[in-house]
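Please consult the sequence and coordinates shown here.

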Amino acid sequence: MTLSTPAELQARFEALTARIVALDREIALETDRERRAVAQTKRDELAVEREQVAADMALLGVTPAQHAPIEHR
């Protein structure tokens with residue numbers, strides 16, 4: 001995925017962070033080992049992607065603003 005503006009990168013960073021937080025919650029609550037392993041693998045993939053987005057932001061001289069994800073109830 002090629003994002004060109006700092007705003008696009010920040011939005012992607014925040015979306016990935018929210019998905020990672022949700023997966024962390026799912027992993028913590030999951031009792032089935034296979035499902036937990038699948039969720040952990042997905043979480044790891046998202047973390048790698050988020051690190052790449054952060055690196056892209058750094059190339060533009062932008063630091064990711066890490067806001068707490070909005071909790072939906």
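The model is predicted: local features need pLDDT of at least 70, side-chain atom pairs count only at pLDDT 80 or more, and totals for chains, interfaces and linings use all residues. Residues are numbered from 1 along each chain as its sequence is written, and side-chain values use heavy atoms, with hydrogens and water left out.

The protein has 2 helices and 0 strands, taken as DSSP runs (helices H or I, at least four residues; strands E, at least two) numbered from the N terminus.

| Property of the protein | Value |
|---|---|
| Buried residues | 25% of the 73 residues |
| Share joining residues at least 24 apart, among contacts between residues at least 6 apart in sequence | 62% |

Buried means under 20% relative accessible area; areas come from the Shrake-Rupley method with a 1.4 Å probe, and for residues only the protein chains shown count as cover. Contact means heavy atoms within 4.5 Å.

Leaving aside neighbours within four places in sequence, V53 touches L9, R12, F13 and L16.

R12 lies in helix α1 and counts as buried because its relative accessibility is 19%. The side chains of R12 and E49 are joined by a polar contact of 2.6 Å, that is, a pair of N or O atoms within 3.5 Å, of which, within protein, one must be able to donate a hydrogen and the other to accept it, and residues adjacent in sequence count only if both atoms are side-chain atoms.

Key. Buried means under 20% relative accessible area, exposed over 50%, partly exposed in between (1.4 Å probe, protein chains only).
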